[in-house]
Amino acid sequence: MSYKNFPMVPRVIFGRGSFNQLSEIISPKRLNVNAPFIFLVDDVFKGNAWLTSRIPLAYDDKVIYISAKEEPKTSQVDSLVEDIILTSRQGTSGIIGIGGGTLLDLAKAVAIMLTNEGEAKDYQGWDLVKNPAIYHVGIPTISGTGAEVSRTTVLTGPEMKLGINSDFTPFDQVILDPELTKGVPKNQWFYTGMDCYIHCIESLTGSYLNSFSQSYGDISLQLCKEIFLGDMSETEAQDKLMMASWHGGMSIAYSQVGVAHAMSYGLSYLLGIKHGIGNCIVFDHLEEFYPEGVALFKTMKKKHHIELPKGICANLDYSEFDVMINISLSLEPLWENALGKNWKKTITREKLKHLYQKM
Ligand code: NAD
Ligand code: ZN
């Protein structure tokens with residue numbers, strides 16, 4: 001038995017308004033005046049002076065606004081890296097990602113690809129990255145994915161939606177400022193928040209569970225229950241969801257996710273359905289695997305008046321179902337975590353098709 005030696009985010013700052021300290025945090029990391037910091041910022045903040053006026057630009061530092069409408073692609077990472085190399089010939093001091101899981105993953109991937117040859121797609125998988133990434137900082141503006149703590153950056157490539165999982169992926173620094181999440185639309189708050197809740201359920205009921213994962217999962221699940229079923233002020237909910245996301249991410253770091261993630265990756269690859277809402281659409285139909293978790297999910301959905309899309313697979317043909325089923329079944333560790341070593345006895349292609357047809 002060999003245990004995973006897991007890298008963690010070495011520095012984190014937490015607090016409302018901690019974003020104001022960005023300058024003092026990154027300044028010592030500047031390599032030289034010709035090596036800029038590149039800020040990758042969700043374009044939802046374009047023209048939002050409350051946030052952008054506090055991005056500490058000096059010398060040749062640059063802000064690149066990026067839409068989070070679509071999830072990150074390997075080709076998008078490659079072209080960002082190319083642009084950055086062309087405009088900063090004397091090197092880059094660091095990459096700072098400001099946004100949700102989409103921007104955080106882009107920041108991690110760009111930081112890796114600035115020091116590793118070839119294309120991002122070559123590194124999708126486990127432990128393929130050879131050289132340490134450049135200094136990278138994650139600043140979440142919506143909570144739930146755990147991307148701020150994780151050892152992966154999930155990218156859609158030409159063949160697969162798969163993460164670059166490596167010891168060089170985690171951020172060198174994370175800034176947790178719950179105030180940055182104040183503008184998140186209600187539905188999106190729910191979808192991304194439920195990503196966290198689903199991480200907890202999948203981790204805590206999985207066959208890979210151990211005390212490390214359980215300790216983080218228990219805390220995260222407790223916070224999710226308070227946030228989504230209890231009553232508290234908006235600011236308290238923002239603070240708590242940010243910590244729930246962190247703990248949820250830590251919980252799956254040392255275990256795995258499960259059925260909802262395995263199936264929503266299929267939806268995402270074929271139909272471009274985003275992670276948060278995709279997980280919700282799938283999880284809603286998984287009573288069979290997670291009876292208590294799904295019952296509570298339905299209660300939360302009702303309390304917050306969330307209507308999930310229906311009939312998204314209604315007009316698909318058999319080859320399209322095949323694509324989704326192939327992607328889903330290829331995620332073997334997720335199935336094994338959810339159902340144990342003999343998962344292939346219960347999970348057949350027919351079974352998955354039947355489940356997708358309900359969505
Ligand atoms: P997201 O980053 O896609 O953002 C969702 C929406 O919220 C976007 O429209 C965005 O513009 C908006 N938004 C973000 N912050 C806002 C704010 N403060 N005010 C107003 N609008 C705001 O959403 P997400 O759910 O955080 O991330 C999903 C992505 O994360 C997927 O690509 C998924 O693959 C990835 N992911 C990664 C990991 C990991 O460990 N690396 C884990 C889970 C998910
Ligand atoms: Zn997730």
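This is a predicted model: local features need pLDDT of at least 70, side-chain atom pairs count only at pLDDT 80 or more; totals for chains, interfaces and linings use all residues.
Ground rules first. Local features need pLDDT of at least 70 and side-chain atom pairs count only at pLDDT 80 or more, while totals for chains, interfaces and linings use all residues; side-chain values use heavy atoms, with hydrogens and water left out. Residues are numbered from 1 along each chain as its sequence is written, chains are lettered from A and ligands numbered from 1 in the order in which they are written.

Start with ligand 1. How many residues surround ligand 1? The count is 28, taking a residue as near if one of its heavy atoms lies within 4 Å. The closest are Thr102, Asp105, Ser150, Thr192 and Lys274.

Now the polar contacts, meaning pairs of N or O atoms within 3.5 Å. Gly101 has a polar backbone atom 2.8 Å from an oxygen atom of ligand 1. Thr141 places a polar side-chain atom 2.8 Å from a nitrogen atom of ligand 1. For Val184, a backbone N or O atom lies 3.5 Å from a nitrogen atom of the ligand. How much of ligand 1 does the protein bury? Alone, the ligand exposes 870 Å², and the protein buries 91% of that. Those areas come from the Shrake-Rupley method with a 1.4 Å probe.

Two elements give two or more residues to this shell: α4 (101–113) and α5 (186–204). Helices here are DSSP runs (H or I, at least four residues), numbered from the N terminus. The largest share, 4 residues, comes from α4.

Next, the zinc ion, ligand 2. Which residues coordinate the zinc ion? They are Asp195 (OD), His199 (NE2), His261 (NE2) and His275 (NE2), at 2.1 to 2.2 Å. Donors are N, O and S atoms within 2.8 Å of the metal (3.2 Å for Na, K and Ca); water is not among the atoms, so sites may look incomplete. Along the chain, the donors follow the spacing D-x3-H-x61-H-x13-H.

Why is the arrangement irregular? Because the 4 donor atoms subtend angles of 87 to 170 degrees at the zinc ion.

Asp195 and His199 are 4 residues apart in helix α5, so about one helical turn separates them. Both are buried, that is, under 20% relative accessible area.

Last stop, Leu267. Helix α8 (residues 259–271) holds Leu267. Leu267 counts as buried because its relative accessibility is 0%. From Gly249, Leu267 is 18 residues away in sequence and 22 Å away in space, C-alpha to C-alpha.

Conventions:
A polar contact is a pair of N or O atoms within 3.5 Å; within protein, one must be able to donate a hydrogen and the other to accept it, and residues adjacent in sequence count only if both atoms are side-chain atoms. Four donors count as tetrahedral if all angles lie between 85 and 135 degrees; four count as square planar and six as octahedral if opposite donors are over 155 degrees apart and all others between 65 and 115; anything else is irregular. Buried means under 20% relative accessible area, exposed over 50%, partly exposed in between (1.4 Å probe, protein chains only).
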